[in-house]
Amino acid sequence: MAYMKRSPWIIHYDGSSCNGCDIEVLACLTPLYDVERFGIINTGNPKHADIFVVTGSVNEQGRQVIRNIYDQMPEPKVVAAFGICACSGGIFRECYNVDGGIDQVIPVDVYIPGCPVRPEQIIDGIVRALGVLEEKLAKMKEDGR
Amino acid sequence: MSLELLLFLILFPLLTAVLCLVLPDHPIRRWVIRVSGVLIGAGAVYLLVTSYDSGMRLIDVPHEPVGMIMQVIVLAIALLVLYLGVRYRKPLAVGLILVQTALVQYFEFQYAPGLAMEANLFVDEFSIIMALIIGVIGSLICIYAISYMRCYHEHHPEIEDRRRSFFFIMFVFLSAMFGIVFSNNLLWFFFFWEVTTLASFLLIGYTRTEEATNNAFLALHMNLLGGIGFALALLYIGVTGAPLGLDRLVEGGAAVALVPAVLIAFAGLTKSAQLPFSSWLLGAMVAPTPVSALLHSSTMVKAGVYAIIKFAPVLSGTVPGLMVALVGGTTFFLASAMAITQSNAKRMLAYSTIANLGLVVACGGIGTYEAVWAAILLIVFHAVAKSLLFLSVGTVEHQIHSRDIEDMDGLIVKMPRVAAMILIGITGMFLAPFGMLISKWASLRAFIDAPGGLVFVLLIAFGSGVTLFFWAKWLGRLITRPLDEENIEGRVKTEEISVLFALSALVIGVCLLFPRIAHSLVEPYVLSIYGMVTQLGQDNEIIMILMLAMILVLPLTMLYFGNGRDRRKLDVYMSGRATTPDMHFKGSAGIDRQLSLHNYYLEGYFGEGKLMRIGVAVSVLLVLTMLELIVVPGVLA
Amino acid sequence: MIAWLYGIAFVILAPLLGGLVAGIDRRVTARMQGRVGPPILQSFYDVGKLFEKERAYVRASQNFYILGYLIFIAFSGALFFAGGDLLLVIFALTLSHIFLVIGAYSVTSPYALIGAERELIQLMAVEPMIILVSVGFYLASGSFYVSEIAAYGGPLILLLPGVFIGFFYALTMKLRKSPFDIATCHHAHQEIVKGVTTEFSGSTLGMVEIAHWYEAVLLIGITWLFFAWNPLVAVVAVALVYLAEIFIDNTTARAKWGFALGSIWLVTLVSTVANLAVFYIGGMA
Ligand code: SF4
């Protein structure tokens with residue numbers, strides 16, 4: 001049970017954004033923040049990932065992509081919306097092509113607002129996501145899957 | 001007893017052949033073929049049972065009147081070739097057959113009477129092995145051909161149905177092959193050799209299309225050239241008074257037999273399609289699949305390597321022998337590399353045949369006891385696996401109407417049993433613990449200890465890497481499943497499937513029994529010739545069998561993994577694009593596209609044309625050097 | 001000649017050692033990049049987690065192939081440490097990789113397919129060198145058996161310097177390190193979405209990881225043979241070789257497959273011919 005918490009692998013999807021949050025997520029990998037300290041790996045492949053990190057809002061094109069990536073992640077999995085765009089649509093909310101936050105498409109477990117979200121917040125968000133992940137794992141075990 | 005048995009094996013196929021020629025297309029003919037096939041196979045097995053432990057035995061058969069009959073047939077063959085050569089305007093064939101006939105007739109009249117001998121036939125462990133290959137695999141191919149050829153003519157109405165002569169030649173071929181492996185008299189040997197040349201020529205040209213005719217003549221040219229080499233060997237024997245019996249000649253060693261050995265090895269190189277003579281075997285692909293299977297696995301090319309291995313003790317340690325070995329080694333590496341670029345399954349198989357024979361030839365040229373041991377095992381394993389592969393591809397081709405490897409994806413769903421058998425064949429060709437790999441391993445060891453062995457070690461090391469690549473990508477293609485295909489296997493005739501089953505069982509059986517085969521047939525033979533023998537070591541045999549058992553048991557885990565009821569099935573990752581079950585997705589600008597997957601063929605690195613040019617240049621040089629080495633000392637003397 | 005006990009010990013202990021090596025590898029890599037890096041035991045956490053995940057699949061047969069991969073790689077390592085025939089070890093290793101490739105083919109995915117083809121190119125590139133390593137050992141020590149090669153009294157590295165250079169060059173690819181990590185790699189690089197392993201998740205991916213541990217230990221074992229005459233030297237040498245591989249990994253960019261194949265073959269040819277020819281010339285004299 002302890003392992004799930006120690007090895008969170010993420011997949012990062014950038015929706016309709018200004019790329020600000022996008023860059024911040026990548027900044028976490030740099031020596032300054034070095035998220036690999038916590039066993040976090042940015043995998044780029046839904047089948048390998050535990051945490052779905054989304055930055056940016058949802059538009060029509062992105063809908064099925066987000067859905068598809070989410071569906072391909074094995075259980076237990078957690079969705080984390082990073083940045084106000086991902087949470088609610090942010091400054092793009094009223095754009096003609098934007099549907100809003102990613103909870104329009106898939107269930108979101110952790111909301112971390114910010115414009116952009118800061119690396120410390122990101123790390124904090126992932127730690128929160130880990131809690132949810134563990135709960136889900138426990139539930140999965142109960143269901144006998 | 002053995003005399004009758006040998007005569008049965010040589011003559012009975014001939015009888016069947018004649019029956020096939022006279023009987024019309026009727027169930028009776030089919031039954032004749034089936035029953036004869038079974039009888040021939042049974043005869044070969046009976047030979048094994050009765051004489052596997054009695055070593056080399058010479059068998060007295062009077063030369064006359066057999067010799068007379070043979071001479072008449074040889075003349076008839078020459079006339080036939082002459083006629084066809086003139087009719088199809090092939091001056092080269094005419095020239096070659098004239099030269100060859102002149103040489104042989106000169107020998108017959110000038111020297112043959114003085115060389116009369118009694119022990120014209122013989123049998124030893126190696127000929128038993130060869131007889132088993134010819135008898136069992138050859139007959140299975142003939143039985144398979146019954147339904148295949150029917151199907152073939154349904155698919156190709158434009159080709160004239162000449163099945164009578166087809167089966168006639170197929171069985172004549174078997175008869176001639178038995179003749180080759182049982183002949184002790186080199187004149188007889190040569191006679192049967194020429195019969196296989198003619199038979200292959202007629203089979204390749206079966207469809208009578210322009211391409212087929214040209215390729216048939218290509219094969220004829222090269223084999224006649226080899227035949228001239230053989231005839232020169234006979235002539236040399238006549239001039240020098242060397243023994244005409246295979247046993248005595250080989251015993252004579254390099255001092256007596258080197259020149260004929262090299263000339264016959266030259267003939268062997270042409271017959272086993274080594275570079276620079278490889279093109280005829282590739283051209284032979286135009287013939288119906290059973291012909292390819294027969295030429296590649298149990299007859300023809302095997303006659304070539306048989307001759308070379310018979311003379312291996314003479315070639316061993318000589319410079320011409322080294323040249324033969326180098327031709328083989330070069331062929332092994334280059335043909336394997338060229339196989340990478342082939343997507344036509346039959347062509348790929350052809351290249352792999354050429355490559356494997358190259359390895360056998362290399363072993364024969366090196367000619368040490370270890371090398372011969374490895375070579376014989378190579379012949380056995382290659383024969384079973386390759387016949388299985390060819391026939392399976394033939395069956396697949398009739399169902400999916402393509403012999404392209406790229407079209408074979410999903411075969412594991414479309415034709416699960418046939419695909420499984422191709423899998424067995426492929427793994428048999430290159431993976432531990434299956435046969436070919438064992439023999440490759442043995443030959444590697446043989447090469448290391450040979451003088452100048454580094455070159456061969458390098459060729460085999462790089463060649464193995466390349467071999468791995470082209471087999472594995474075919475293997476992968478078979479189990480790739482882009483679509484939910486339906487099973488079309490029901491359309492395959494039961495008889496074809498049964499033959500494939502029998503051959504698959506043989507592949508696995510031979511692998512399981514290989515220590516037994518090695519101990520009771522190959523080792524006594526090598527021991528009788530060299531007085532020494534090699535072994536893999538009992539530990540290693542046990543480990544090999546262990547691995548085989550593991551592989552055979554592993555599919556049982558499918559029972560556990562196979563039912564996915566409690567699991568979730570995920571879609572293939574397509575960069576987040578939603579994809580339908582039959583692999584359609586929306587591409588850029590919303591255009592509907594379908595996924596299609598293709599293998600690598602690495603044309604830029606292993607281009608056929610480029611490698612072929614290199615190979616021909618190198619091998620011509622080697623062959624010429626080899627011939628020069630025996631001619632020049634003779635001239636000087 | 002064959003000590004099965006060592007083989008069994010390998011099957012049990014190699015994952016522990018291999019996982020540890022992988023952890024140290026990641027740590028050292030992080031330090032080279034000026035980071036702190038994950039805990040030493042991180043690889044175990046990762047695999048532990050993978051086995052906790054849902055057992056989803058793309059094609060039901062994939063697990064069967066990957067199990068074959070794991071079993072045969074463990075088998076080949078066991079054979080090596082039991083002192084078996086080195087060539088047989090290599091053949092079993094090849095067999096195991098074919099299972100991996102077939103597993104990648106079976107899922108019918110574009111990314112996995114490219115990974116599979118590249119894995120095959122890797123196999124083709126490295127196979128000659130690996131075979132020639134065993135030939136070199138045979139020529140130098142007179143035996144193919146690992147037990148006898150290891151018991152050879154002298155420093156084999158001095159007899160086989162060229163072979164060692166070639167082996168070192170090919171080892172980069174075998175360990176899936178840059179610049180030759182063309183099929184899949186151990187880092188968070190995202191190229192071709194991780195090649196052969198693209199479609200594998202959960203326990204399937206976990207099995208692939210464990211197989212990599214086994215393989216790493218086996219490769220360390222082969223490296224060890226060059227220095228086996230003195231265990232102390234061997235430990236230092238193996239550590240240095242591994243460090244050097246990590247260093248190369250961190251200082252080079254991934255090569256194209258054509259360059260990878262061509263250069264490995266060239267190095268193989270030159271280094272081994274130069275080295276092994278000595279034995280043949282020496283043998284004739
Ligand atoms: S939240 Fe702000 S920084 Fe982040 S993507 Fe939206 S607009 Fe850019």
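Both faces of strand β5(A) are covered: Val78(A), Ala80(A) and Phe82(A) lie on one side, Val79(A) and Ala81(A) lie on the other, and all of them are buried. The model described here is predicted. In chain A, β5 spans residues 78–82, and five of its five residues are buried.

A second topic is the interface of chain C and chain B. The size of an interface is often given as the accessible area lost when the parts come together. Between chain C and chain B the buried area is about 6,100 Å², and carbon and sulfur atoms give 76% of it. In terms of residues, 71 of chain C are in contact with 69 of chain B.

How many salt bridges does the rule find across the interface of chain C and chain B? The rule finds one, in which the side chains of Asp85(C) and Arg445(B) meet at 2.5 Å, N to O. The count of residue pairs in polar contact between the two chains is nine.

On the side of chain C that touches chain B, the elements giving two or more residues are α3 (62–81), α4 (86–106), α5 (110–141) and α11 (257–284) of chain C. Helix α5(C) gives the most, with 17 residues. The residues of this side of chain C comprise 51 nonpolar, 12 polar and eight charged.

Key. Residues numbered from 1 in each chain as written. Chains lettered and ligands numbered in written order. Predicted model: local features only at pLDDT ≥ 70, side-chain atom pairs only at ≥ 80, totals over all residues. Heavy atoms only, no water. Contact = heavy atoms within 4.5 Å. Buried area = accessible area lost by both parts, 1.4 Å probe. Salt bridge = Lys/Arg side-chain N within 4 Å of Asp/Glu carboxyl O. Polar contact = N/O pair within 3.5 Å; in protein donor to acceptor, adjacent residues only side chain to side chain. Helix = DSSP H or I, 4+ residues; strand = E, 2+ residues; numbered from the N terminus. Nonpolar A, V, L, I, M, F, W, Y, C, P; charged D, E, K, R; others polar. Buried < 20%, exposed > 50% of the residue type's maximum accessible area, 1.4 Å probe, protein only.
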